[in-house]
Every structure is written in structure tokens, then in C-alpha cells.
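Work through the exercises below with the model at hand. Each task is followed by a stepwise solution.

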Amino acid sequence: MSYLGVGASPGNVPVYHETSLKVVDRRVRLAELVLRFVICGLGVLTAVLVGTDTQVREIFTIQKKAKFTDMKALVFLVIANGIAASYSLIQALRCVVSMVRGSVLFSKPLAWAIFSGDQVMAYVTLAAVAAAAQSAVIAKLGQPELQWMKICGMYEKFCNQVGEGIVSALLVSIGMVALSVISAFGLFRLYNGSNKGKSNSGW
């Protein structure tokens, strides 16, 4: 038998059914914290892999240097992942502070800000990966119809490192999509709680 969400255990000890919801919230926040730190690390790794990638080839006594700034898609990839890493670090620190203080839920304006930020970063990182992947395919296979040659045959080391950076960036974008789902859960959880409060107040 329960009154106002409080049950009685066999030992007559009050049991709050809301405790299970708090446990779920804590686990979600912990998963969010770990995911944000992982995204931060992968974002930095992507920026370093692509941003420091260079290769010099000598063609008919003329030295040609390949670098990421030669392809605008790679510049976009580096910038997007740098922003994603910084954003994830800030949000991870926010998660740490909230967990230390013991406050799991937060205000609706803050929840909307986190949700919007995660959505924007998810779209930006996905767009950056798509653009870089398209450029990588052209560099690898060429485009005979437009007489674009396969440059990866000449700059193999450069292309391999860019490929590693794109894989890392893909993981970042997948992680941002997952964070968007988590932040959406946190946002609508607040509205669900407020609706329950309104319905309970009517009794």
C-alpha cells in the first residue's frame, strides 16, 4: 500500500519509488560525462591528425608539398572538430560540477541551451565528415570525366593519415548524435515531470 508515492517495506521502512528514476538519471549523466570526454579526445585527435598532415614529393626536380589547407573540406573538418572538442570539454566540466553538487536535473532554459548546442554540433560534425569523405573519394579514385587525377597515388602517406582523421571525425559525429538523444531525454524529462506535478496538484 502506498500514499503519495511512498510505500512500506516489510520492515516498515519508507521506500520512495522516485529513487529508481534518480538512479536512471545518474546513470544517464554518467554516460553523458564519459561520452563528452571521449568526444573531446577524438576531436583533438582528428584536428591533430589532419592539421599536422603534410607530405613533400619531388616531381621533375620541383618539390610539391601536400597539406590540409589545400582542401577546403579538410580545413572545415579541422575547425569543426576543434570546436566540437572545446564544446564537449566545457559541457563535461558542467557535468562534473552538477554531479559533485548532487543536482541531477537542471532548469528548462539550461536544458534547452544544452539540447540546442548538441543538435548544432551534431549537424556541423556530420556535415564536416560528409564533405571530407567526398573529397577523400575524389582524391583516391579521381574524376576521369573532369580530368581530375588520383592524387593519393602520389601522396600515399598524406592520404592515409587523412583517412585516419576522417574515421576519428566520424566517431565524433556519431557521439554527438548520441549526446543529442541524451540531451533530448533530459529536456523532455523535465516537461514530463512538470506535467505529472500539474496532474497531481489537481487531486
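A nonpolar core is a set of buried Ala, Val, Leu, Ile, Met, Phe, Trp, Tyr and Cys residues joined through side-chain atoms within 4.5 Å; buried means under 20% relative accessible area, exposed over 50%, partly exposed in between (1.4 Å probe, protein chains only). The model is predicted: local features need pLDDT of at least 70, side-chain atom pairs count only at pLDDT 80 or more, and totals for chains, interfaces and linings use all residues. Residues are numbered from 1 along each chain as its sequence is written, and side-chain values use heavy atoms, with hydrogens and water left out.

**Exercise 1.** List the contacts of Phe158 (heavy atoms within 4.5 Å), leaving aside neighbours within four places in sequence.

Solution. The partners of Phe158 are Asp53, Thr54, Gln55, Ala66, Lys67, Phe68 and Leu74.

**Exercise 2.** Is Leu93 buried, partly exposed or exposed?

Step 1. Leu93 lies in helix H2.

Step 2. Its relative accessibility is 48%, so Leu93 counts as partly exposed.

**Exercise 3.** State the average pLDDT (the predictor's confidence in each residue, from 0 to 100) of the chain.

Solution. The average is 79, and 76% of the residues score at least 70.

Key
Helix = DSSP H or I, 4+ residues; strand = E, 2+ residues; numbered from the N terminus.
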